Amino acid sequence: MKKWIKGLGVTSVLALSVGLLAACGSSKSSSSTKTTNFKGQTVKVGIWYGSDQEREGINKIIKGFEKKTGAKVQTKVYTNFNTQIQADLSGHTAPDVFYMDSSMYPWFKKQGVLAKLDKKQMQSSKFYPNLIKAFETKGGLYGVPKDNSTLGLLVNKKIMKKTGVKVSSIPQSYNGLIKWLPGFQAKLDKAYGKNKVKAMTYDQDMARNYTIMATNGGQPLTNDGKANLASSKVLDNMKLYQNLVKTGAVATAKELGSGDNGTAFGTGKVALTEEGNWTYNVQKKQYKTDFEVLPMPSYEGKRRGMIFTVGWGEYAASKVKPLASAWIAYATSKEGMSKWVKSTGTMPSRSDVAKDVNLTKDSNMKTWLNATNYSTVWQDGTTLTTVNTSYQNFVAKALEGKESMKAAMTSADKQANAAIEKAH
Amino acid sequence: MEMQKKSPKPARGLNGKHGQIWQAYIFLAPAFVIAAVFFIAAIVFALFMSFNHVNMISQQFEFSGLKNYIDVFQDDVAMTALKNTAIFSAIVVPMQTIIALLIAYALSTRGIKGKKLFRLVYFLPTLTSSAALTLIFMFIFNVTGPLNNFLISMGLYQHPVNFLQNPAYSLKVIMVMNIWSTVPNYMTVYLASLVDLPESFYEAAEIDGASAWQKLRYITIPYLRPITTYVLLTGIIGTFQMFDQAYIFSNGSGGPDNSTLTIALMVYQYAFGSMNTMGYACALAVVLTIIIFVVSRLTERLNGSEGLR
């Protein structure tokens with residue numbers, strides 16, 4: 001019996017080495033001719049799932065790619081991406097291609113783990129310029145946006161009806177809202193009982209507040225990546241949030257006992273919320289909310305919102321770079337992205353796909369898609385996460401009125417910069 | 001089979017006294033190998049990193065001497081985190097021990113009906129994952145939540161209290177949560193020991209005219225002293241390492257105003273933030289280890305027990 005096992009081991013090793021040799025041979029021929037024949041090769045893609053629809057979407061792209069190239073695609077699914085990818089990069093076991101958030105791109109680039117991509121192969125001119133630029137450094141392309149998310153002002157139509165307030169009467173600017181909110185809150189209190197339904201949510205998160213903070217030349221971070229939250233222009237812009245809180249008609253999702261704005265909105269705890277298109281299917285299917293999406297309110301004469309985009313990056317130490325590039329090119333091609341967008345209901349990062357899948361026929365999706373034109377990409381150097389952590393830590397106290405905004409932001413700057421200094 | 005063949009000669013190989021020790025080592029080996037790789041090697045590596053400036057991704061280690069340790073003691077934020085952790089431990093550990101003891105004492109009293117039901121109900125919080133628990137508590141304590149509504153309807157105050165975002169309350173909410181979820185576990189440990197307490201002790205005390213309080217004070221508590229040592233030690237270690245609840249509560253920031261920042265959360269921030277500060281994180285972790293060790297030893301002494309031998 002033992003001999004039999006030994007024999008099996010020897011044959012399997014032999015078979016494996018023959019297979020490997022065969023794989024090497026085929027890869028040589030394919031890379032030299034630059035065809036799309038990658039038979040026998042495997043590309044490992046590092047992703048996370050935001051929803052079941054995303055799982056379905058990626059599987060469709062994988063099927064299409066495997067059919068087209070003959071290569072095999074292996075997925076590595078992350079549950080806590082920013083932590084786990086660091087471990088994989090340290091151990092040199094990172095996937096050949098992986099997702100990266102626009103805000104994390106500068107960090108990945110700085111670590112030298114990203115391979116430069118061919119702009120022509122990636123058809124970079126077909127993408128919305130602000131989205132593709134988020135993954136460019138000094139004219140070189142290091143990532144390709146797979147989709148795009150923006151913010152809009154969601155209105156619960158059922159609540160509006162009950163309070164007798166028309167959706168069209170909601171002011172289109174923050175200044176207008178600040179004047180209008182107290183009266184609206186009074187109507188909500190009357191209809192639902194005091195303290196039951198809040199008029200609107202707001203966020204204590206730079207990922208949402210950044211565009212306001214950066215208005216009129218505000219610089220939340222200096223050019224060399226130091227926290228600069230207590231600078232006068234940023235403080236001027238922060239007054240918007242102080243004034244919103246003073247109306248007594250706004251609350252954060254957390255204050256309402258919800259994990260995020262979408263949950264607070266879906267469970268009927270607020271009438272208005274600023275949220276992204278990712279909540280669209282959740283509201284429709286899970287909460288069955290009757291809602292309408294308005295464009296983001298304007299501030300200082302212009303509508304402002306945030307863009308969140310995740311791109312594909314290629315691992316610099318990948319052993320199958322031509323295949324990895326081919327994967328990115330396919331997944332973000334008109335064909336690949338159409339598959340993705342149709343399954344997930346997310347917004348494409350290419351205008352030709354947006355036209356193709358006829359996204360604009362849905363007025364709510366159209367509002368979100370239009371926001372791509374006036375919104376700011378969530379990205380600002382390698383220290384943004386650290387500054388945001390510190391900001392979240394201190395901003396609440398100032399908004400509660402327990403401390404001046406200047407004092408709070410000075411503390412936030414001090415703490416963030418102390419942490420940034422330790423990295424040098 | 002071989003064991004029954006008792007040979008008159010001193011046993012060799014894996015039998016006999018010598019052999020039995022070898023057998024024991026063989027049985028211990030797998031666990032030892034795992035511990036050596038995943039604990040001892042990891043600890044040694046962390047110690048090494050705490051004396052270096054580390055970039056994990058490019059695998060660069062630059063010796064920086066005691067700089068990381070000096071930074072820890074000059075860092076106001078680290079001191080705040082340490083203070084938070086110490087306060088958290090100082091309040092939670094005695095509370096959870098006392099409450100667990102009292103509930104166990106009550107449940108072990110003879111003649112109480114529905115003991116099993118009580119035990120089951122009391123044990124439920126321990127079965128809940130702490131992530132779910134944190135979300136439940138955040139719901140209970142939110143501005144429009146049940147607690148605020150209840151207290152307002154009682155007429156205790158007019159405007160709802162912002163328990164979650166007011167630095168004065170946020171750590172206390174986590175304390176309540178932590179006590180609530182750990183008491184059942186310790187209660188079970190106490191109960192298991194109380195089952196062995198001879199009823200005759202209480203009977204003798206009753207004949208002497210002891211009250212329920214005196215029986216608890218002079219019989220139950222001294223009898224349970226070794227168990228109390230165990231409860232205190234695991235309580236101290238658990239509270240000093242508190243991470244998940246603060247992380248979920250503050251979205252990882254330790255806010256509001258650093259009020260929920262614990263050492264463990266800070267270690268995480270520095271180790272896995274978007275900066276190359278793994279060395280500093282390791283130094284913080286080593287300091288935390290030393291503190292836990294010292295505090296545990298002191299508590300063990302103060303409790304006056306022989307320790308866990």
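1. Basis of the note. The model is predicted, so that local features need pLDDT of at least 70 and side-chain atom pairs count only at pLDDT 80 or more, while totals for chains, interfaces and linings use all residues. Residues are numbered from 1 along each chain as its sequence is written, and chains are lettered from A and ligands numbered from 1 in the order in which they are written.

2. The sheet of chain A. Five strands of chain A form an open sheet with mixed pairing, in the order E2-E1-E3-E15-E6. Strand E2 (72-77) and strand E6 (144-145) of chain A each have a single partner strand and stand at the edges, so one side of each lacks a neighbour in the sheet. Strands here are DSSP runs (E, at least two residues), as are helices (H or I, at least four residues), and both are numbered from the N terminus. Two strands count as paired if DSSP finds at least two bridges between them. Strand E1 (residues 42-47) of chain A pairs with strand E3 (residues 97-101) of chain A in the parallel sense over two bridges, and A:Gly46 stands opposite A:Phe98 in E3(A). Helix H2 (residues 52-69) of chain A lies across E1 and E2 of chain A and runs at about 155 degrees to E2(A). Axes are lines fitted to C-alpha atoms, for helices over the stretch in contact, and angles run from 0 to 180 degrees between N-to-C directions.

3. Domains of chain A. The assignment for chain A gives domain 1 (38-148 + 309-372) and domain 2 (150-307 + 383-422); such bounds come from an automatic or database domain assignment. The C-alpha centres of domain 1 of chain A and domain 2 of chain A are 29 Å apart. Their contact takes 16 residues from domain 1 of chain A and 15 residues from domain 2 of chain A, where contact requires C-beta atoms, placed from the backbone, within 7 Å. Helix H15 (residues 363-374) of chain A provides the largest share of the domain 1 side, seven residues. That side of domain 1 of chain A has four nonpolar, 12 polar and no charged residues. In this classification, Ala, Val, Leu, Ile, Met, Phe, Trp, Tyr, Cys and Pro count as nonpolar, Asp, Glu, Lys and Arg as charged, and the others, Gly among them, as polar.

4. Domains of chain B. Chain B is assigned domain 1 (2-50) and domain 2 (69-302), and the centres of these domains of chain B, taken over C-alpha atoms, are separated by 37 Å. Four residues of domain 1 of chain B are in contact with six residues of domain 2 of chain B. The domain 1 side of chain B divides into three nonpolar, one polar and no charged residues.

5. The interface between the chains. Chain B contributes 35 residues and chain A 34 residues to the contact. On the side of chain B that touches chain A, helix H5 (130-141) and helix H12 (263-272) of chain B each supply at least two residues, and the largest share, three residues, comes from H5(B). By class, that side of chain B has 14 nonpolar, 18 polar and three charged residues.

6. The hairpin of chain B. Strand E1 (residues 52-55) and strand E2 (residues 60-63) of chain B pair in the antiparallel sense over four bridges. The bridge partner of B:His53 in E2(B) is B:Glu62. Four residues lie between the strands E1(B) and E2(B) of this hairpin, and B:Gln59 in the turn has a positive phi of about 55 degrees.

7. Helix packing around H7(B). Angles under 35 degrees count as roughly parallel, over 145 as roughly antiparallel, 65 to 115 as roughly perpendicular and the rest as oblique. The H5(B) side of the contact includes B:Leu133 and B:Phe137, and the H7(B) side includes B:Val173 and B:Met177. Helix H7 (residues 167-194) of chain B and helix H10 (residues 225-240) of chain B pack at about 160 degrees, with axes 10 Å apart; H7(B) and H10(B) are therefore roughly antiparallel.

Key: Two residues are in contact if their C-beta atoms, placed from the backbone, lie within 7 Å.
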